[in-house]
Amino acid sequence: MTILAFDLGAGSGRAFSGHVDGGLIKAKEIHRFPNQPVQAGQHLYWDILRLFHEIKQGILKAKNDCGRISCIGIDSWAVDFGLLDRNGELLGNPYHYRDPHTDGMMEEVLSDLGKEKIFSHTGIQLLPFNTIYQLYALKKANRLFWNGLRRC
């Protein structure tokens, strides 16, 4: 059984094929690519179409190198996201975590919810680019349809 794993980091991405051999997991890097953000207007975005292309290239290389792929996993930077409509279409380019659209958002959310409540629900370090502050920034700028969502 061959597995394919992608690691999408802040500056580069890699694809590894892996399989179990004699009780040991053997991994091999099969594809490496740059992951550079794109400046457009006043905002910094992930180059999502380039990432999609590179993931497809990694899948092709794994198929050519290993044959049948049993499963694929993707690990990423964890705080950024893309919003999809009900048909699975991407609604816009995902903001890069270094984009300034979250400036001041952490302080606003913390003053409303408090550090303890946020930490008790998420368990993560309080950083100004975390997903909660990005979502709040989108909501505040009327770039997010907030239908059906409620505060925790």
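**Notebook: salt bridges, cores and a helix pair**

I began with aspartate 21, which is partly exposed, its relative accessible area being 38%. I kept in mind that I am reading a predicted model.

**Entry 1: charged pairs**

What does aspartate 21 pair with? I found a salt bridge to lysine 26, where the closest N and O atoms are 3.8 Å apart. Lysine 26 also counts as partly exposed, because its relative accessibility is 38%.

Next I looked at glutamate 108, which forms a salt bridge with lysine 140; here the closest N and O atoms lie 2.5 Å apart. This pair joins distant parts of the chain, since glutamate 108 sits in helix 2 and lysine 140 in helix 4 (residues 131-140), 32 residues apart. I checked accessibility too: glutamate 108 is partly exposed at 28%, and lysine 140 is partly exposed at 47%.

I then turned to aspartate 7 and found a salt bridge to arginine 14, with 3.0 Å between the closest N and O atoms. Aspartate 7 has 25% relative accessibility, so I noted it as partly exposed. Arginine 14 is partly exposed with 25% as well.

How many salt bridges are there in the whole structure? My search gave six.

**Entry 2: the nonpolar cores**

I listed the largest nonpolar core and got nine residues, among them Leu4, Phe6, Ile30, Phe33 and Leu51. Strand 1 (3-8), strand 3 (24-34) and helix 1 (48-66) each give two or more residues to this core.

**Entry 3: helix 2 and helix 3**

How do these two helices cross? I read that their axes come within 7 Å and cross at roughly 95 degrees, helix 3 being residues 115-122. Helix 2 is therefore roughly perpendicular to helix 3. At the contact, Val109, Leu110 and Leu113 of helix 2 meet Lys115, Lys117 and Ile118 of helix 3. Sorted by class, I have four nonpolar, no polar and two charged residues there.

**Entry 4: histidine 96**

Is histidine 96 buried or exposed? It is buried, because its relative accessibility is 1%, and the cut-off for buried is under 20%. I located histidine 96 in the loop between strand 6 (71-75) and helix 2 (105-113). Not counting residues up to four places away in sequence, histidine 96 touches Pro37, Leu44, Tyr45, Trp46 and Asp80.

Conventions. Residues numbered from 1 in each chain as written. Predicted model: local features only at pLDDT ≥ 70, side-chain atom pairs only at ≥ 80, totals over all residues. Heavy atoms only, no water. Helix = DSSP H or I, 4+ residues; strand = E, 2+ residues; numbered from the N terminus. Buried < 20%, exposed > 50% of the residue type's maximum accessible area, 1.4 Å probe, protein only. Contact = heavy atoms within 4.5 Å. Core = buried A, V, L, I, M, F, W, Y, C linked by side-chain atoms within 4.5 Å. Axes fitted to C-alpha atoms, helices over the stretch in contact; angles between N-to-C directions. Parallel < 35°, antiparallel > 145°, perpendicular 65-115°, else oblique. Nonpolar A, V, L, I, M, F, W, Y, C, P; charged D, E, K, R; others polar. Salt bridge = Lys/Arg side-chain N within 4 Å of Asp/Glu carboxyl O.
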